[in-house]
Amino acid sequence: MTRSKTFQAYLPSCHRTYSCIHCRAHLANHDELISKSFQGSQGRAYLFNAVVNVGCGPAEERLLLTGLHAVADIFCESCKTTLGWKYEHAFESSQKYKEGKFIIELAHMIKDNGWE
């Protein structure tokens, strides 16, 4: 049985983008970056408004550095590497701004297009 290739979204080459370090699938446009001061399970991570080419696992409650959140692991649709997570629900009012946003760990992404 042959497996068909997953369709990939391509971000405009005129914008600075972040890609999966493992397979180079586009993940996010630099304009979607909210913060560079986040901590993932494997080190530093960035918070994004929107991402592309990622799949989402089931949500589960986790106690993170900033309190209890319901998060869902996200993975690269192309190579299936776990990249970070999506904030589904924040239980503390000061953390509500994270809901619907995405964490991608630096260990799993590379900068592409016009970063000179």
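The model is predicted, so local features need pLDDT of at least 70 and side-chain atom pairs count only at pLDDT 80 or more, while totals for chains, interfaces and linings use all residues. Residues are numbered from 1 along each chain as its sequence is written, and side-chain values use heavy atoms, with hydrogens and water left out.

**Exercise 1. Strands and sheet**

Task: Determine how many helices and strands the protein has, and work out the strand order of the open sheet.

Solution: Begin with the elements, taking helices (H or I, at least four residues) and strands (E, at least two) as DSSP runs numbered from the N terminus. The protein has zero helices and nine strands.

Next, apply the pairing rule, under which two strands pair if DSSP finds at least two bridges between them. The open sheet of six strands then reads β3-β4-β8-β7-β6-β5, with antiparallel pairing. Its edge strands, each of which pairs on one side only, are β3 (33-40) and β5 (54-64). From one strand to the next the twist averages 30°, where axes are lines fitted to C-alpha atoms, for helices over the stretch in contact, and angles run from 0 to 180 degrees between N-to-C directions.

**Exercise 2. Cysteines**

Solution: A disulfide is a covalent bond between the sulfur atoms of two cysteines; the criterion used here is a pair of cysteine sulfur atoms within 2.5 Å. C76 is in no disulfide, its nearest cysteine sulfur, that of C23, being 3.5 Å away.

C76, at 0%, counts as buried, whereas C79, at 28%, is partly exposed.

**Exercise 3. Rings around Y18**

Task: Classify the ring pairs that Y18 forms with Y46 and with F48.

Solution: Rings of Phe, Tyr and Trp (its six-membered ring) pair if their centres lie within 6.5 Å, and planes under 30 degrees apart count as stacked, over 60 as edge-to-face and the rest as tilted. The structure holds four aromatic pairs. The centres of Y18 and Y46 are 5.9 Å apart and their planes stand at 85°, so this pair is edge-to-face. Because Y18 lies in β1 (residues 17-20) and Y46 in β4 (residues 43-48), the pair ties together parts that are 28 residues apart in sequence.

For Y18 and F48, the centres are 5.3 Å apart and the planes at 70°, so this pair is also edge-to-face. Ring pairs thus link Y18, Y46 and F48 into a cluster, in which Y18 is buried at 1% relative accessible area and F48 is buried at 0%.

**Exercise 4. Nonpolar cores**

Task: Identify the residues with the most contacts inside the largest nonpolar core, and list what M109 touches.

Solution: A nonpolar core is a set of buried Ala, Val, Leu, Ile, Met, Phe, Trp, Tyr and Cys residues joined through side-chain atoms within 4.5 Å. The largest has 15 residues, and Y18, F48, L83, I104 and M109 have the most contacts inside it. Elements giving two or more residues to this core are β1, β2 (26-29), β4, β6 (67-76) and β8.

Using contact in the sense of heavy atoms within 4.5 Å, and not counting residues up to four places away in sequence, M109 touches Y18, S19, I21, L27, Y46, F48 and I104. A second, separate core of seven residues includes F38, A45, V71 and W85.

Definitions and conventions. Buried means under 20% relative accessible area, exposed over 50%, partly exposed in between (1.4 Å probe, protein chains only).
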